[in-house]
Amino acid sequence: MISVLVAGIFTLAPPTNVVVSDTPDDGGGAITIEWQLSADDAQLQRYEIYRSEDGLKYDKVGFIGRGRNAYEDETQDRTPYIYKVAAIMDTMRALSEPSTPVMSSAQWLDRNKINIIITVLLLGGMILYFIYRARRGRELYVRKISGLQAIDDAIGRATEMGKPILYCPGIGYIEDIATIASLSILGEVAKKCGQYDTKLINPHFDPIVYTVAREIVKEAYTDVGRPDAYDPDSVYFVTDSQFAYAAAVDGIMLRERPATNFLVGWFRAESLILAETGASTGAIQIAGTDQVSQLPFFVTACDYTLIGEELYAASAYISREPLLLGAIKGEDYGKIIIVGILVAASILGLLTKVPILQLFR
Amino acid sequence: MLVFVFGILGIIPFIIPHPAVQNVDEYLRNNLLKILAAFALILGLGSLLRVHIDKMKRKGQNWQYSWVLILTFVVSAIIGLFGGVNGTGILPTRIGSFPFDIWTIYLNVEVPLGATMFALLSFFMASAAYRAFRARSTEATLLLAAAFVVMLGVLPFGNRISPHLPSFAQWIMDVPNVAGQRGILFGVALGMLATALKIILGIERSWLGGGGE
Amino acid sequence: MKTTDLLMKIDRRIIYLILLVVVTLPLIFPSVQSVRVMPPVEKLFNAIDTIPADKSLIIDFDYDPQTLPELEPMAIAILRHAFERRIKVLALSLYVQPLGLATNALNQVTAEYNSKASTRADSIIYGRDYVFLGWQPPPLVPILGMGESIINVYKTDYYGNQTDTLPLMQRIKNYSNVGLLVSLSSGDPPRWWIEYAQNRFGLHVGAGITAVSASEFYPYLQTGQFSGLMVGMKGAAEYEEIVSSQMGIVGRRKASEALPSLTYAHLVMIAFIVVGNIGFFIQRRHK
Amino acid sequence: MTLSHDPWVWISAILSIAILSFLFRDNPFYKLAEHIFVGVANGWAVTFYWHNVLMPSLFNPLFRQGQFLLTIPFIIGILYLTRFIPRVSWLVRIPIGISMGYAVGASIPAVSQAYIIKQIQGTILTPENFQAWNAGTTGIIWSVILLLGVICTLSYFFFSREHKGLLGVTSRIGIVFVMIGFGAAFGYTVMARISLLIGRLQFLLGPWLGIID
């Protein structure tokens with residue numbers, strides 16, 4: 001009641017010092033308007049933003065709650081605009097002085113992303129350098145990865161038992177790095193299957209991954225001189241519905257009774273559905289994914305698990321291709337850089353007043 | 001080569017906000033890639049049908065169920081294609097008060113089946129925990145202990161066992177868990193970066209089908 | 001030796017059966033388990049409780065049949081709280097599917113109150129005490145538009161009434177007349193309310209979410225962007241608890257009834273882990 | 001106790017139970033539900049791609065509005081089908097290369113930002129950590145432990161050196177963090193999964209059997 005009276009007697013204080021500018025680092029089409037809050041900000045309902053092209057006729061273009069001193073307006077590029085900001089309380093309106101005219105335009109570079117460019121150049125350059133060195137024929141060491149050592153035994157076991165091997169690439173798409181790593185491991189597994197004459201079952205979630213996998217398996221059989229052993233029905237598409245795929249793979253596990261299950265690739269919640277069903281059939285299970293949220297389930301339910309980067313390293317390790325091994329060396333130096341940044345930034349952040357967090361937005 | 005060009009096309013819009021770039025990017029994402037995915041599905045369906053028709057011909061194990069699969073596929077596809085998504089197509093999708101448009105089928109067949117598959121997880125978590133959480137080695141013991149504490153900590157009466165239990169459980173989630181996850185993520189990120197570069201530069205070619213050529 | 005085998009190799013089907021039984025039985029024979037209310041829920045309760053008389057509460061009903069078991073009890077408990085305190089409620093959905101579920105919850109709690117009320121002043125009356133605004137696509141339109149005028153966004157309510165004729169809507173004009181918004185959803189809506197309604201208009205936002213999406217939303221609570229948060233069945237049960245203990249409201253408490261299932265399931269899993277380890281230790285000692 | 005009169009509720013309920021029966025053993029009901037699941041999922045996919053992608057983004061604009069630019073994605077999409085013709089089947093690499101190149105390219109900056117830069121930001125120590133000894137998870141002790149945990153975990157993923165000496169120690173500590181994290185995440189997820197099961201049981205006991213309301 002009192003505030004109404006006060007407002008009735010005194011006029012409302014308008015926002016002041018309206019500053020407009022082209023919104024930086026965008027694709028054009030926007031102007032940022034900033035102002036100093038009205039002295040009566042606490043009583044206001046909102047601010048309204050008015051725009052004019054000729055300085056005479058103003059149209060309302062937007063509004064924003066009280067306590068806010070900036071607004072981004074959508075504009076046509078290369079047209080000058082003048083702005084006024086109004087403080088609004090009930091039916092009262094207090095307009096600011098008009099701003100200077102301003103035009104919006106598009107920028108070619110988003111400066112907020114420079115840190116990303118630097119990261120990519122630094123780490124990417126490191127990796128490429130080591131690939132280049134590997135091409136020159138340097139011998140490279142890669143430590144043992146326990147899941148990988150098990151692959152041979154697992155395939156051997158299936159052969160002895162006369163049972164098939166199930167290779168499930170998960171529900172990723174061809175562009176997921178985990179799927180790509182999975183496909184190169186599939187190639188090696190298929191070669192072994194060809195050599196030992198073990199049946200391979202390879203059901204798919206994504207049609208494109210399926211297409212690629214078919215070629216890989218076919219070629220693997222040809223490589224080991226057993227094109228006759230390749231069964232075109234061993235690689236097939238099931239469905240692109242997550243749980244329908246899980247239901248179908250569960251069915252395969254129980255009916256075909258594979259001796260070894262590979263669950264390698266990109267997984268979500270179905271990870272444990274598959275891994276537990278597989279465990280109940282007594283199969284040896286080798287899992288691998290880069291999905292941090294699913295790793296706990298694989299680690300609990302499977303015999304061997306390739307954790308995160310181990311999965312990528314595995315595909316290089318298994319092929320022994322020097323170029324791929326070179327990349328691993330590069331990645332390792334990348335880790336040293338990250339650790340270095342962590343330590344250096346922490347020290348800087350603690351000892352100086354550099355706003356260190358701003359650098360890593 | 002194609003991969004290289006489109007790879008660059010993928011990187012650029014992230015850094016350059018200019019509309020000329022953003023429009024090309026939007027066109028790629030909204031039209032080209034989605035349309036390509038639609039065509040890829042035809043490939044997949046071809047494969048699925050072949051496997052099951054083969055099975056029926058050979059009268060392989062459980063061949064009767066292949067009939068079920070093909071029949072439900074064909075029927076739902078016909079209802080969906082000609083009946084429209086919400087039953088607005090040319091095919092009638094309602095007999096009396098009984099609707100059978102594709103959306104109703106989806107809600108009453110796919111959704112409950114999916115939800116039940118998802119719910120199976122509670123059973124699988126129990127059996128996996130029983131089997132694997134044994135104090136065989138240091139690692140297994142840590143796994144067991146952390147799971148144990150957190151399971152007790154989130155329970156409604158966790159604070160009655162000890163008032164510190166819920167906050168200790170939360171601490172495990174916030175500190176060791178986050179540290180472990182971040183460490184893995186850095187490795188994963190480097191691996192992804194390396195693989196992506198290798199693909200764009202044509203060093204990694206396994207995705208083409210076979211390592212050769 | 002026999003016993004250790006027994007302890008270490010329990011058939012998985014026995015585990016499944018016991019789990020199924022301990023989860024099902026409490027659902028068939030419901031009993032309410034009381035629960036300690038944790039700070040995030042307490043904060044939400046206080047945020048709703050302190051909404052001044054001239055402001056209203058908005059409830060965003062965005063759950064579907066899948067998430068209903070976790071989120072509907074939250075909606076019921078909040079409605080009971082608001083109606084008991086005579087806090088005016090605006091209900092809405094950002095998607096079309098939840099509309100029917102929202103009506104169910106509103107009708108249920110309204111009926112609960114009106115069965116006890118003797119006078120018109122005691123009753124909960126549509127248009128005076130609450131309004132169901134319905135659905136106005138796309139989601140961002142109401143989220144932004146209500147900052148200026150609610151009746152301009154929702155010209156008619158869910159039941160087809162002109163909103164400007166409803167008494168409540170003449171007082172509740174825009175976000176400045178809204179004390180708090182609670183978004184009940186497992187998807188994007190809580191984030192949208194923060195990003196658009198809160199950042200632009202300073203709307204206070206609380207949320208009720210599913211246990212699956214908990215980790216995604218906790219940061220918003222820590223930064224203070226959420227005025228309070230309920231997570232999953234346990235969060236719903238805590239709200240039911242605080243509403244019943246602080247305000248003496250009686251009524252079905254579905255989440256609290258499901259809580260024993262949740263507790264027993266955890267205990268069964270813990271028990272099996274313990275049994276397995278006992279077997280393991282005995283066996284190791286024998287060796 | 002009133003049983004449902006809605007045939008769709010019966011269908012959902014029977015399918016749900018068929019899936020649950022799988023916990024006992026594989027059986028004809030599960031096989032039936034599984035094949036229906038896959039069949040309808042594909043029928044739905046066909047409907048979805050037709051009505052939501054091909055019609056609005058390709059056929060309508062191309063044939064009705066004459067946007068001939070769209071012949072390009074159309075032709076590229078058709079290249080997928082060359083897969084069925086052995087002589088020209090290599091052409092299938094063109095659409096795959098496009099999808100692949102674009103997605104992999106786009107992942108490079110995205111991965112750098114989300115997995116590297118953001119994670120570094122969350123890990124480094126700042127003076128704020130020193131305002132309290134153990135305030136929540138941001139106090140000095142915990143933030144130092146977090147930093148060390150991240151570094152040790154990362155060292156476990158060091159592949160080009162044998163894990164001996166200092167690296168051996170740090171990678172062992174790293175594994176400790178990883179295992180505690182896995183156990184905690186497992187325990188934490190139990191509640192979410194049991195909630196899903198309760199949801200399914202409430203559906204079966206409620207709308208279907210009418211035992212609870």
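Mentor: This is a predicted model. Start inside chain C: domain 1 and domain 2 of chain C bury about 720 Å² between them. Carbon and sulfur atoms give 63% of that area.

Trainee: Where do the two domains of chain C run?
Mentor: Domain 1 of chain C covers 1–30 + 254–287, and domain 2 covers 34–252. Their C-alpha centres lie 39 Å apart.

Trainee: How many salt bridges are there between them?
Mentor: The count is 1. Arg252(C) and Glu257(C) meet in a salt bridge through their side chains, at 2.8 Å, N to O. There are also 4 residue pairs in polar contact between the two domains.

Trainee: New topic. What area is buried between chain B and chain D?
Mentor: About 9,800 Å², with 82% from carbon and sulfur atoms. Phe39(B), Tyr65(B) and Phe186(B) supply 7% of the area chain B buries there, more than any other three residues.

Trainee: And how many residues from each chain are in the contact?
Mentor: Chain B gives 106 residues and chain D gives 105.

Trainee: Which side chains form the salt bridge there?
Mentor: Glu139(B) and Arg172(D), at 2.8 Å, N to O. The elements on the chain B side include α1, α2 and α4 of chain B. α4(B) gives the most, with 23 residues.

Trainee: What classes of residue make up that side?
Mentor: On chain B, 76 nonpolar, 22 polar and 8 charged residues touch chain D.

Definitions and conventions. Residues are numbered from 1 along each chain as its sequence is written. Chains are lettered from A and ligands numbered from 1 in the order in which they are written. This is a predicted model: local features need pLDDT of at least 70, side-chain atom pairs count only at pLDDT 80 or more; totals for chains, interfaces and linings use all residues. Side-chain values use heavy atoms; hydrogens and water are left out. Contact means heavy atoms within 4.5 Å. Buried area is the accessible area (1.4 Å probe) that two parts lose on being put together, summed over both. A salt bridge is a side-chain nitrogen of Lys or Arg within 4 Å of a carboxyl oxygen of Asp or Glu. Helices (H or I, at least four residues) and strands (E, at least two) are DSSP runs, numbered from the N terminus. Ala, Val, Leu, Ile, Met, Phe, Trp, Tyr, Cys and Pro count as nonpolar, Asp, Glu, Lys and Arg as charged, and the others, Gly among them, as polar. Domain bounds come from an automatic or database domain assignment. A polar contact is a pair of N or O atoms within 3.5 Å; within protein, one must be able to donate a hydrogen and the other to accept it, and residues adjacent in sequence count only if both atoms are side-chain atoms.
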